[in-house]
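Biologist: Could you walk me through this model, taking it slowly and explaining the terms as we go?
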2 protein chains.
Amino acid sequence: MSKKNKGFVQQITDMDGDFAQWYTDVVKQADLIDYGPVRGTMIMKPYGYALWEHIRDVLDNRIKQTGHSNVQFPLFIPESLLQKEKDHIEGFAPEVAWVTHGGSEELHERLVVRPTSEVLFCDYYARNIHSYRDLPMLYNQWANVVRWEKTTRPFLRSLEFQWQEGHTAHATHEEAEIETRQMLDVYTEIVENQLAIPVIRGTKTENEKFAGAVYTLTIESLMHDGKALQSGTSHHLGTGFAESFNITYLDEKGTQNHVHQTSWGITTRLIGALIMVHGDQSGLVLPPKVAPTQAILIPIAQHKDGVLDKARAILHQLTPHIRIQLDDSDKTPGWKFNEHEMKGVPIRIELGPKDIEKNQAVLVRRDTREKIIVSLEALPTALTQLLETIQSDLYQTAKEKQLAKTTSVSSFVEFAASLTSNPGFIRAMWCGETACEKAIKEQTGATARCIPFEQASLSEHCVYCGKEAQKEVYWAKAY
Amino acid sequence: MSKKNKGFVQQITDMDGDFAQWYTDVVKQADLIDYGPVRGTMIMKPYGYALWEHIRDVLDNRIKQTGHSNVQFPLFIPESLLQKEKDHIEGFAPEVAWVTHGGSEELHERLVVRPTSEVLFCDYYARNIHSYRDLPMLYNQWANVVRWEKTTRPFLRSLEFQWQEGHTAHATHEEAEIETRQMLDVYTEIVENQLAIPVIRGTKTENEKFAGAVYTLTIESLMHDGKALQSGTSHHLGTGFAESFNITYLDEKGTQNHVHQTSWGITTRLIGALIMVHGDQSGLVLPPKVAPTQAILIPIAQHKDGVLDKARAILHQLTPHIRIQLDDSDKTPGWKFNEHEMKGVPIRIELGPKDIEKNQAVLVRRDTREKIIVSLEALPTALTQLLETIQSDLYQTAKEKQLAKTTSVSSFVEFAASLTSNPGFIRAMWCGETACEKAIKEQTGATARCIPFEQASLSEHCVYCGKEAQKEVYWAKAY
């Protein structure tokens, strides 16, 4: 530990020793969350919520640009409505919260706190879609949902979480297909370009798809510990819900047809991904595009004449260019260094009396610890450029780590071995049978993450049963 | 009915005949909402939600400018936590939704779906506030809350609604007092300047204050039918919650003290106020600052050569200046006129072949129906100015209506008479006794809306009991 760590009381667990505990330490000590009074719930504190706001605002903008309108549907679903689509209720019933009383009265019908809102949108579509003129109907909502999970972890799996859920209805299967893919593209763009997290894009297996969907597209990312995280999904719902809910439209020729639907969502899980992809032994490392604070200005010997004045002048000068804050609290500089490292602020700007004499400041990168001395005049340009460099380097580093943790195998022995020798993605061929997929999961704990869009032919045989291979699959243990 | 109404099938109820039905017609036909499947819940459709987004974004900005941070607290409150503050639980217990089961299991302790979040914030503050350095703690959240109301109406009183709730903790009573007043000022500014709704500012009586507060400040507005609507409240919570939850801080001298708290909120009710203050016989009338669409461009004889091309060129030209849309659907112009009048779009721009020949467009104000012919070159300036004029005129008109519906009385006979002769605000002196306040409510249905900050001395005697008057009060029947 370097000298500057002196005086910083809180320590976090070694990430390579106990990754789960490191994660828990980081979410708490980087001031992202606190725990709620109900088991498995969390409080998003100002820093954690600001992070979510940055992700949300960019995505909201893209959702609107692609022609969707925001709406707000209710929190409660009558039990009878949830039961209308058979696969859907089977998938969700075991993990919902039930409202049984309102005020002092028992309700005639129990209400579910939404775990997702397909049935609410379907009920609405059935009443509001009449003709081809009403299509496509392109809705999105930002909402909280509740899933009664047994084991919970902040951001990754919590009883209640924040998300966005898109729900659309189209005239044809093909239009719904284009929409399903378009929204996966939007997610890819946000996760790769804003969060600097490389993803594998593909289709879920039948066994892993969304309850009630024809198929599910997914983006999968890889964490520091080699476990995968499903980072966004987009479902083609076909006409299944439309048939259950009787959602039809009159086409140009006067024929009644069922609509073709999609739904797609991303959640606060993405913050968990951010932490586990970029974080290091000193805490969080945030990509500049979503960092609530992009640079923290720390005065050295701030009690000395002129230091704070100069720092404030620089803050004022830089505010129009980047999201910058000045830490002029009475803590020691060392303490401040650690605190803002823990919070993952991309750049630290050190400014002391000697720097002022030399008309310079010292920039320190959070990701590489590299120090760069810059003249005060050059600061706005240097910072803007450095933020871009950090953003792009974080993506490159994550991509290299992902590739290094990806193993292509052609036998089940290799498959099982790689899970301990190099935990991460396993690329292997599959016969397409759910039985093989399930056997692999039972014997190794790894699940089929996706059938990637870009298929390679790694072998002619299924990695498990040896029969003719149909598809390449990315496998991994997953969050 | 003018000729142009031909072909518009949907009619709304006469607002002076049946105001409640008029309101219900407008919320539906202006495409603001649909009803949810659970009694008393609503779906905010794209147009209604866009309106909320405009209000929310401006307010969110002001909340941040005044130093507050957004956070996100959980939806569920354990029953035991809600019971910690006695007045508070008494106020809210009769109207909460209870979660009793998670998945297939009955819960050990019932959970309340938050009706408001004071106790959650208090529980957090007790764990997170230690020293004077932690103060003030200035939090806000945007959230959905649930209140099990018997009688519901869209926006005005619904089982679930969207709102913002601020929760702050301070070192002293005075600081909390400044905060309570500051947020009322922010609400006043938003409601008067953005929504063009004049308000009466004041303090709630003891009987009408928030359950658990020392005092409640309020802004009260007056609807077209003479009923008042509480449009925003800001509560000084004193140390009551802090004592119940043991929220203390160590001051500079090393003494433990309870914190002084505030809470404040506005809700989607404000959309109800917008409708009922500015609406007319043709539907909604929206103030330009919050209108999702500020001007609607309607081509006349759009099948004729060059009309749509010109309309699209104008749309393109105006888009950087105002929120404008082109209605090039195949409906008749008359139908379009009615539809966008119903939706309250502040300005209609008519553009036909003859207008194009003369290099002009016809602007029609939604509020006054005034027609203004403008040369195409002058459009950006003329529209921007006209939007400002409409915004300011809407406020003036509403202010005049409010004043006309305000009666000062000095006897209870006058009080009772004015409720039928000129329904609206009644200004009258009060002795300060809850007994008088309750008797007035029982006998007239009017409640004490507020004790206005600007006090007048209308008489020396309480309007009900004749004893010495203590304060001027605004009374009204209210939503």
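Modeller: Let me begin with a term: two strands pair if DSSP finds at least two bridges between them, where strands (E, at least two residues) and helices (H or I, at least four) are DSSP runs, numbered from the N terminus. This is a predicted model, in which local features need pLDDT of at least 70 and side-chain atom pairs count only at pLDDT 80 or more, while totals for chains, interfaces and linings use all residues. Residues are numbered from 1 along each chain as its sequence is written, chains are lettered from A and ligands numbered from 1 in the order in which they are written, and side-chain values use heavy atoms, with hydrogens and water left out.

Biologist: Which residue is the bridge partner of A:Ala361 in β19(A)?

Modeller: That partner is A:Val374, and the two strands involved, β18 (residues 360-365) and β19 of chain A, pair in the antiparallel sense over 5 bridges.

Biologist: And what is the order of the strands in the open sheet of chain A?

Modeller: The order is β16-β15-β17-β18-β19, which makes an open sheet of 5 strands with mixed pairing. At the edges stand β16 (324-326) and β19 (371-375) of chain A, and because each has a single partner strand, one side of each is left without a neighbour in the sheet. On average, neighbouring strands of this sheet are turned by 25° against each other, direction ignored.

Biologist: Which helices lie across those strands?

Modeller: Helix α10 (residues 333-342) of chain A lies across β15 (295-299) and β17 (347-351), running at about 175° to β15(A). Helix α12 (residues 379-404) of chain A lies across β17, β18 and β19, at about 10° to β18(A). For these angles, axes are lines fitted to C-alpha atoms, for helices over the stretch in contact (heavy atoms within 4.5 Å), and the angles run from 0 to 180 degrees between N-to-C directions.

Biologist: Switching to chain B, is β23 of that chain largely enclosed or left open?

Modeller: Strand β23 (residues 471-476) of chain B is largely enclosed by the rest of the structure, because 5 of its 6 residues are buried, meaning under 20% relative accessible area, with exposed over 50% and partly exposed in between (1.4 Å probe, protein chains only).

Biologist: What does β23(B) pair with?

Modeller: Strand β21 (residues 425-430) of chain B pairs with β23(B) in the antiparallel sense over 5 bridges, and there B:Met429 has B:Glu472 as its bridge partner. Strand β22 (residues 447-452) of chain B also runs antiparallel to β23(B), joined by 3 bridges, with B:Ala448 partnered by B:Trp475.
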